[in-house]
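Hi everyone, and thanks for coming along.

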Amino acid sequence: MQQNELAILVDAILKKVAHGDGYVIVRAESRRERSLRLSNGRLERVATGGDEGLGVQVFTAQGVSGFASADVLSLETGLRLVERALSLAQRNERLGAKNNREIWKAKPLQAEVKNPARSFGEVPLAELQTRCLALHEGVRKAFPEAVWQSSFRQVEDSWCIGRSDGTRVSFTIPRAVLMHQGTVHQEGKSASTLVHRSGTDAQILGEEQTDHRLERKAAERAELARAVSTAPFLASGHYPLVIDYGLAKGLAHEAFGHAVESDHMQESVLGEQGKLKRGLKVARPSVHIMDGPLPGDWAYQPFSANGLPRETVRIVQNGILEAGLGDIFSAAEAGMAVSGAGRAESYAHVPLPRMSNIRLIVDEAAEFQESGTLMGDVRRMREVLLERGEIKAGEKTLLLLGYRGGQVNPKTGDFVFQCEGIVDLGDEDLRIYRPSIFSGKILSALQAIKLGVGAEAFDAIGTCGKGGQSVPSSGGSSRFIFLEVSDQVSLGGEG
Amino acid sequence: MRLVAQLEELLYHFQVRPDDETLRLKGWRIFIHEMKSVALGIKDNSPGSVYTPPTYREGERGEVFLVWADGRLSQAKVQAKPPEVKDPWIEELRGWRQAAYEDPEGGRIVKPAPLPLAAVEDERLEKILAGEDEVLFAQLERFLNEKPDKAKLQAQISAAWGYRHVRTSTGLAVTYQESQYGLSFSFDRLVGGGFAKRRLIEPEEWEDVWQNTLLHYEALQEFGPAPGSKTAVILAPAVAEEMLGQYILPNFSGQNVLERRSAFAKERFEQKEGVFAPEVSLEVDPLRPFEWGSYLVSPEGVPAERTVLVGKGALASPLLTVKDAGRWGASPTALPQGTSGLYLSHTREEDWERALQGVDDGVLVLSVLGLHTQDSVSGDYSLSAPQSLRILNGKFAGRVDVKVNGNFFKDLAHPAVRMAKTQRNVMPYLWVQSGMQSF
């Protein structure tokens, strides 16, 4: 169903519903997608499909809610879901559920954001197969010692959100990603790498065929994986660290962004008695963190899943905690402004406050000319840091390359990240170590940030798993970030 | 039932007398999951908050797999369409044809075979979905009434009931009912418990999971003495299960083995190479009554049967889909649903209560951060475990914050590998050889 058809359906449902003293939010979503998976030079799978349906959240007059969803887009289904959600809300009220009438305070909004991408099917599937096979062959030739699996996924995700107050917002988010995953076996040991290139549509395949940027990155990462597979473990301890912008996105997202989401304030290490600790010094004055949607980005979303504009939030300014990511339901209670932070995996999920594109920005930045190769960049990085006197030859300074994901406990402030490999910048020969867990306390990690190196890049992508949902996330920083040694931030240990 | 009937009629028609010869089918397979579910939640001691309201969900969706007359293949996700849509599938079929691809090894449709008996449906859950859901609300209230005074409780209870339909061009037509029930809860987001089966929880099971979690929660309130170099590291069943998910599933995937993306090469399976200690076995058993991972027939139409992956420490079989089985030269195997249906065992499994009493110096790892970030193929792990319990002289002795490092394959291969179980857990407590640092 198209974006305008979703809006007509949501309108029809809300017009037929007797709102009374209660409140209704209707979310209609229609997502179509196509994906290709290739392995060892052959197509493994070509799949088409999608998902569409309705999610309805109904509030009683007291502000107690129930939720119902179904994977059919029809008026009859919508009306039935409203009844079911109301019945659950009423039962919930008898249970003594906590009231929340904040949605009544939201301002009505009517807005529409058109799909910024090219037509979903502009590149026919047969052509997609040809292009993907060529790109897959390219990476196999670029590093034949690895076993390669490639995949391409293109999604067009249309939403309309309507509310009892007359709000109707609709938008379409296009996403496309090309990935190469390589596995390297060396002396009976193995290691793997995963690289990706994202955009809004199948044009990324053409771009990749022109510049081979991902192919080169894949080959370089595979070379690193080969070296890592037989490399020694690093002794656990506290070291000066350099992280690439993928890891910096992970740090900002996992270690900090989650801790300022309004629904976490009751237990967040950045909350006090349920309120955001506004004014808390969390980093050097040169460090800033912001979150907000960027058009064309993997995690772009112009409106919240509750029908409010998604705003860009300056979370940390000049090292001071200034604001949080607030959705309409818990922002006031958490002592922060509503920024339209509610996002949901799909129509069938209840929205939660979460990030979109989170950026870690450091004013103090060293210039850095990219060399065109991974290890060339690493060597230049070493030179830049040595010249600035940030590191000393012979003293371990560890560069963490390739973000593999992370996790944080917002209550305790504990975070962990994993990378694909570690390089010692203090060593003239740039000794490589096997990855080990990068962990610590989130505030200590932020306070350790001293310097950015190179141009900013905000296209590190991932999937946020908060609340058991899977929602696109993204972000970045300067090409590299230098962290001073901290006794509350450590690298893993020997096996 | 409407969706599977529509698709069956459509695909049979285009197999036997297509209106358009370019759309002629040689074979096909349909898998549809028809489901209703209800879920209740508690967030920060508040039942049914705006983030965890009572939730009802219904859906009818699945996948079609098509073999066209020219041997090309198509796969597509499908879901129910509104009744007012006329001829909903003809245009879809044309789209599926456009998406056809060549895969000479992928076009096999299995023939019907006798189905096993396995209990996967609890009528009590059908009644809950029909509206008799007071039992779930009562369980939610019980959580609130019995939680420790100072604890912040998070909880979720869910029940689901529905049908699975599998149809093939070779004559398989199976529809069966299934149900699911799950509960999970945590105190202060630090320690939690859970239960997931295809039936409602029994009172003694509730008591068991609740008391065990309380015991851990109380023990975590004080800090314990730091572990030493000889301290035993024991993974709680939930952590052991996560390890299986991270290291066993990807490395036993038949496709990964065949394409050299696994830690284990095909030849090692053929030679039945010993990779774990001889006391250790690993199997997929989809026939155990009311277990979450049990089923009657796979979405590919393969009847459920027990499959040994590692027998007495030796590689026995990878996990084989229909396509991978053809490439391997074997029959398709049972497939776990996530880690559900996967069972790790030791020939000398101990009773956990008794084994605990014998631990003079140990650490019980209740949860780990970052396991999903580890490299599956190498088996290496380097994990933070800030909520771990010190064990001294057979008793819990406070909380310790540790990091554990090691290799999961080496842990299972080590001569000193030990496992202990309770009556409730299908997954064991697992002694591993991790290096450990405390903070």
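**Where the two chains meet**

Let me begin at a spot where the chains pair up: β2 (42-59) of chain A and strand β4 (residues 73-79) of chain B run parallel and are joined by two bridges. When I say strand or helix, I mean a DSSP run, with at least two residues of E for a strand and at least four of H or I for a helix, numbered from the N terminus. Two strands pair if DSSP finds at least two bridges between them. Here, Ala47(A) has Gln75(B) in β4(B) as its bridge partner.

Before going further, a word on what we are looking at: this is a predicted model, where local features need pLDDT of at least 70 and side-chain atom pairs count only at pLDDT 80 or more, while totals for chains, interfaces and linings use all residues. Residues are numbered from 1 along each chain as its sequence is written, and chains are lettered from A and ligands numbered from 1 in the order in which they are written.

Now, how many residues of chain A are in contact with chain B? There are 69, and they touch 59 residues of chain B; contact here means that the C-beta atoms, placed from the backbone, lie within 7 Å. β2(A) gives the largest share of chain A's side, eight residues. That side has 23 nonpolar, 31 polar and 15 charged residues. For these classes, Ala, Val, Leu, Ile, Met, Phe, Trp, Tyr, Cys and Pro count as nonpolar, Asp, Glu, Lys and Arg as charged, and the others, Gly among them, as polar.

Let's turn to chain A by itself. Chain A has eight helices and 24 strands. Its radius of gyration is 24 Å, close to the 23 Å that the globule rule gives for 495 residues, so chain A is as compact as a globular protein of that length. That radius is taken over C-alpha atoms, and the rule is 2.2 Å times the number of residues to the power 0.38. Along the principal axes, the C-alpha atoms of chain A fill a box of roughly 75 × 55 × 35 Å.

Chain A is divided into domain 1 (3-229) and domain 2 (231-495), with bounds that come from an automatic or database domain assignment. The domain centres, taken over C-alpha atoms, are separated by 24 Å. At the contact, 34 residues of domain 1 of chain A meet 31 residues of domain 2 of chain A. Which element gives the most to domain 1's side? That is α5(A), with six residues. The residues on this side of domain 1 divide into 17 nonpolar, nine polar and eight charged.

Stay with α5(A) for a moment. Helix α3 (residues 125-142) of chain A packs against α5(A) at an angle of about 35°, with the axes 9 Å apart. Axes are lines fitted to C-alpha atoms, for helices over the stretch in contact, and angles run from 0 to 180 degrees between N-to-C directions. Gly138(A), Val139(A) and Ala142(A) of α3(A) meet Glu215(A), Ala218(A) and Ala219(A) of α5(A). In terms of class, this contact has four nonpolar, one polar and one charged residues.

Further along chain A, look for strand β22 (residues 449-464). β22(A) pairs in the parallel sense with strand β17 (residues 365-366) of chain A over two bridges, and Ala366(A) has Val453(A) as its bridge partner there. On to strand β23 (residues 471-483) of chain A: 11 bridges join β23(A) to β22(A), and the two run antiparallel. Thr463(A) stands opposite Pro472(A) in β23(A). Their hairpin has six residues between the strands, and Gly467(A) takes a positive phi near 65°.

Finally, over to chain B, which is divided into domain 1 (2-211) and domain 2 (222-439). The centres of these domains are 27 Å apart, taken over C-alpha atoms. Here 29 residues of domain 1 of chain B are in contact with 24 residues of domain 2 of chain B. Domain 1's side of that contact divides into 17 nonpolar, three polar and nine charged residues.

One last stop in chain B: four strands form an open sheet in the order β11-β10-β9-β12, with antiparallel pairing. The edge strands, β11 (314-315) and β12 (342-346) of chain B, each pair on one side only. Helix α6 (residues 237-252) of chain B packs on this sheet and touches β9 (280-284), β10 and β12 of chain B. Thanks, and I'm happy to take questions!

Key. Contact = placed C-beta atoms within 7 Å.
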